[in-house]
Amino acid sequence: MPRTASSTSRHTGRSRLFRITAALVVLAALGGYLAVQYVTGNKLVEGCTVESADGSDGRARTYRMSPEQASNAATISAVGASRGMPERAVTIALATALQESGLRNIEHGDRDSLGLFQQRPSQGWGTEEQILDPVYSAGEFYRHLAKVPGYSRLPLTVAAQRVQRSGFPQAYAKHEPDAALLAAALTGRTPAALNCVPPRATGAKADPAKVRSELVRAFGKDVLPAREVTSPDGKSAAGAPAAGPVSVPMRATRAPGGGGKGADRRGWELAHWAVARSEALRIDEVSYAGRVWKAGAGWRTERKESGTTEVRIGLAQ
């Protein structure tokens with residue numbers, strides 16, 4: 001049926017209205033984007049970023065992830081440190097978790113696979129509850145990896161496959177560059193390389209006892225002075241309430257295989273762990289070796305001296 005002048009006019013009017021509405025939506029989105037860029041100075045608005053030093057080609061590498069992924073990566077690295085595993089082992093573990101779960105602690109998978117490494121209760125990896133604990137699952141991965149002869153000299157795909165028995169072993173290879181970048185920061189070899197911008201303001205008050213407890217779970221009881229080691233009920237080793245200060249001091253001890261700079265590397269390992277877990281633990285500030293990280297602002301230089309004896313964690317009040 002041919003259109004009448006009236007129907008054509010209505011159609012034209014609707015088309016014009018649609019175009020105007022679409023244009024307004026685009027302009028609003030563009031305005032929001034420009035406002036964010038103006039306020040943030042074109043920095044990552046939220047989430048976590050790891051940056052490398054300039055490579056042989058003169059360009060720095062960057063890897064971005066969510067706070068959840070950063071927290072899980074930091075736990076994997078910390079558990080490796082508590083077991084005296086080298087950086088190569090941490091790289092293998094991170095690449096495996098990137099492939100198996102995208103560094104997310106998922107409650108599903110192929111058949112009965114669960115968690116960061118998609119470990120299976122039916123294959124003797126532990127109970128469902130244990131496997132969904134990142135500290136436990138990372139520990140199990142390292143326990144199996146340590147049994148692989150010469151794993152640190154094997155290609156990453158081979159070492160990971162000896163542990164995982166995956167149907168697609170070559171899939172681990174594509175994650176090696178990102179895993180190596182993460183491992184360099186999380187093991188403390190690359191100072192001030194990890195930055196996290198919380199997705200929301202740290203509103204709730206932090207629990208110092210929980211921060212201490214999580215440090216001990218990930219790194220082992222020697223990470224803190226004995227008087228500050230807390231049990232899951234929030235009590236110190238002496239039995240007193242572990243309320244503690246808002247700034248939690250930590251000893252920067254010599255890292256395994258760290259050579260003469262082991263203490264400094266250990267300090268950055270702990271500092272990056274705190275930054276990576278800032279959202280989950282309501283951490284507001286981290287300071288070490290003359291550098292200070294502030295939630296929402298990143299790292300800045302505070303003092304010029306190169307060393308210090310402790311890492312301090314400032315908590316939201």
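View 1. Let us start with Q161, which is found in helix α6; helices (H or I, at least four residues) and strands (E, at least two) are DSSP runs, numbered from the N terminus. This is a predicted model, in which local features need pLDDT of at least 70 and side-chain atom pairs count only at pLDDT 80 or more, while totals for chains, interfaces and linings use all residues. Residues are numbered from 1 along each chain as its sequence is written, and side-chain values use heavy atoms, with hydrogens and water left out. A polar atom in the side chain of Q161 lies 2.7 Å from the backbone nitrogen of S166. Not counting residues up to four places away in sequence, Q161 touches S166, P169 and Y172; contact means heavy atoms within 4.5 Å.

**View 2. Helix α5 and what covers it.** How far apart are the end C-alpha atoms of helix α5? They are 16 Å apart, which agrees with the 16 Å that its twelve residues (134–145) should span at 1.5 Å a residue; the expected span is 1.5 Å times one less than the number of residues. Nine of the twelve residues are buried, so to speak mostly covered, where buried means under 20% relative accessible area, exposed over 50%, and partly exposed in between (1.4 Å probe, protein chains only). Among them are P134, V135, F141, Y142 and L145. The cover over these buried residues includes α2 (67–82), α3 (87–101), α4 (128–131), α6 (156–164) and α8 (208–219).

View 3. S71 has its place in helix α2. Is S71 buried or exposed? S71 is buried, with a relative accessible area of 10%. Its side chain makes a polar contact with the side chain of R277, at 3.0 Å. A polar contact is a pair of N or O atoms within 3.5 Å; within protein, one must be able to donate a hydrogen and the other to accept it, and residues adjacent in sequence count only if both atoms are side-chain atoms. Leaving aside neighbours within four places in sequence, S71 is in contact with A276 and R277.

**View 4. An open sheet of three strands.** The strands follow the order β2-β1-β3, with antiparallel pairing; two strands pair if DSSP finds at least two bridges between them. β2 (62–65) and β3 (194–197) stand at the edges with a single partner strand each, so one side of each has no neighbour in the sheet. From one strand to the next, the twist averages 15°. Four bridges hold the antiparallel pairing of β1 (residues 47–51) with β2, and C48 has M65 in β2 as its bridge partner.

View 5. Strands β5 and β6 run antiparallel, joined by four bridges, and E285 stands opposite K294 in β6. Which residue in the turn of this hairpin has a positive phi? It is A289, at about 50°, in a hairpin with two residues between its strands. A289 is not a glycine, and A289 is buried, with a relative accessible area of 10%. In the loop between α10 (278–281) and β5 (283–288), R282 also has a positive phi, near 60°, in a residue other than glycine. R282 is buried too, with a relative accessible area of 17%. Four bridges join β6 to β7 (residues 298–301), again antiparallel, with W299 in β7 as the bridge partner of W293. The hairpin of β6 and β7 has three residues between the strands, and G296 takes a positive phi near 90° there.

**View 6. Confidence along the chain.** The protein averages a pLDDT of 79, and 68% of the residues score at least 70; pLDDT is the predictor's confidence in each residue, from 0 to 100.

Key: Axes fitted to C-alpha atoms, helices over the stretch in contact; angles between N-to-C directions.
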